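Student: Please take one part of this model, the packing between its helices, and go through it closely. Give the cut-offs along with the terms.

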Amino acid sequence: MRRKVFFAVLCASAALMTGCNGNKAAAPAAEGAAVAAVQTGTMTVATVNTDTLFARYRMVEDVTAELEKTEKKLQGDLQKQAQDFQTEYENYLKVGATMTLSEQRKKEEYLTQKRENLEQLGARYENQIMSLRLQRMEEVQNAVFEFIERYNAEHGQYTFVISNARTSGVLYSPANIDITDEVLSALNAEYGQKKAKK
């Protein structure tokens, strides 16, 4: 749904550059004039650089630190179990010659199974981290999009707020319609208040 909306926004922004319903686009503001948004008829457009937003949003810093802590914990656990396995394997090499063939076979089967379990645990931990990372980053993205919607309703009331990040598909947007800094400041302020209440 969001992709369709975003595509519609891009199409609408392209239409604004060439004029809506055959009308010419609004004339650019005089040089040096501060303009909050481009206006064409009853429609207004502002831009936000989402690259900057996600790079400087404090929730991203906290989520990144949380993910690193979890990853370090899982890696530590895996490393400890791997060291235990290595110690057990080396002990077997030292005393294996004194065991009966039946005992050797059982010990080797046990060590093989333990090594396989260790490999499976490593894969499970890796998937767990990846899944958690995707989940937390989606939470961040949703928080940003929902905030922009609320912010626009309260302050801007723009028809469209378009991302002008490098990967957004917008090739050019004038700096005087960019509201990234004010959105980022308000976004971090709201996050700080929520964090303080926890």
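Tutor: Helices here are DSSP runs of H or I with at least four residues, strands are runs of E with at least two, and both are numbered from the N terminus. By that assignment the protein chain has five helices and three strands, in the order α-β-β-α-α-α-β-α along the sequence. The model is predicted, so local features need pLDDT of at least 70 and side-chain atom pairs count only at pLDDT 80 or more, while totals for chains, interfaces and linings use all residues. Residues are numbered from 1 along each chain as its sequence is written, and side-chain values use heavy atoms, with hydrogens and water left out.

Of its 198 residues, 28% count as buried, meaning under 20% relative accessible area, against over 50% for exposed and partly exposed in between (1.4 Å probe, protein chains only). The chain exposes about 13900 Å², of which carbon and sulfur atoms supply 53%; the areas come from the Shrake-Rupley method with a 1.4 Å probe, and for residues only the protein chains shown count as cover. Among contacts (heavy atoms within 4.5 Å) with a separation of 6 or more, 79% join residues 24 or more positions apart.

For the packing, axes are lines fitted to C-alpha atoms, for helices over the stretch in contact, and angles run from 0 to 180 degrees between N-to-C directions. Angles under 35 degrees count as roughly parallel, over 145 as roughly antiparallel, 65 to 115 as roughly perpendicular and the rest as oblique.

Helices α3 and α4 have axes 10 Å apart and pack at an angle of about 175°, and are therefore roughly antiparallel to each other. Their contact has 20 nonpolar, six polar and 11 charged residues. In this classification Ala, Val, Leu, Ile, Met, Phe, Trp, Tyr, Cys and Pro are nonpolar, Asp, Glu, Lys and Arg are charged, and the others, Gly among them, are polar.

Helix α5 packs against both of these helices. With α3 (residues 58-95), α5 (residues 180-197) makes an angle of about 50°, the axes being 9 Å apart; that makes the pair oblique. Arg 58, Met 59 and Asp 62 of α3 meet Asn 188, Tyr 191 and Lys 195 of α5, a set of two nonpolar, one polar and three charged residues.

With α4 (residues 101-156), the axis of α5 comes within 11 Å and crosses at roughly 110°, so α4 and α5 are roughly perpendicular to each other. On α4 the contact uses Val 144, Phe 147, Ile 148, Arg 150 and Tyr 151, and on α5 it uses Glu 182, Val 183, Ala 186, Leu 187 and Glu 190. Seven of these residues are nonpolar, none is polar and three are charged.

Gln 157 lies in the loop between α4 and β3 (160-163). Gln 157 is exposed, at a relative accessible area of 62%. Apart from neighbours within four places in sequence, Gln 157 touches Thr 44 and Asn 152. Its C-alpha atom is 9.8 Å from that of Ala 46, 111 residues away along the chain. Val 45, in strand β2 (residues 43-48), is buried at 8% relative accessibility, and its C-alpha atom is separated by 9.7 Å from that of Gly 156.
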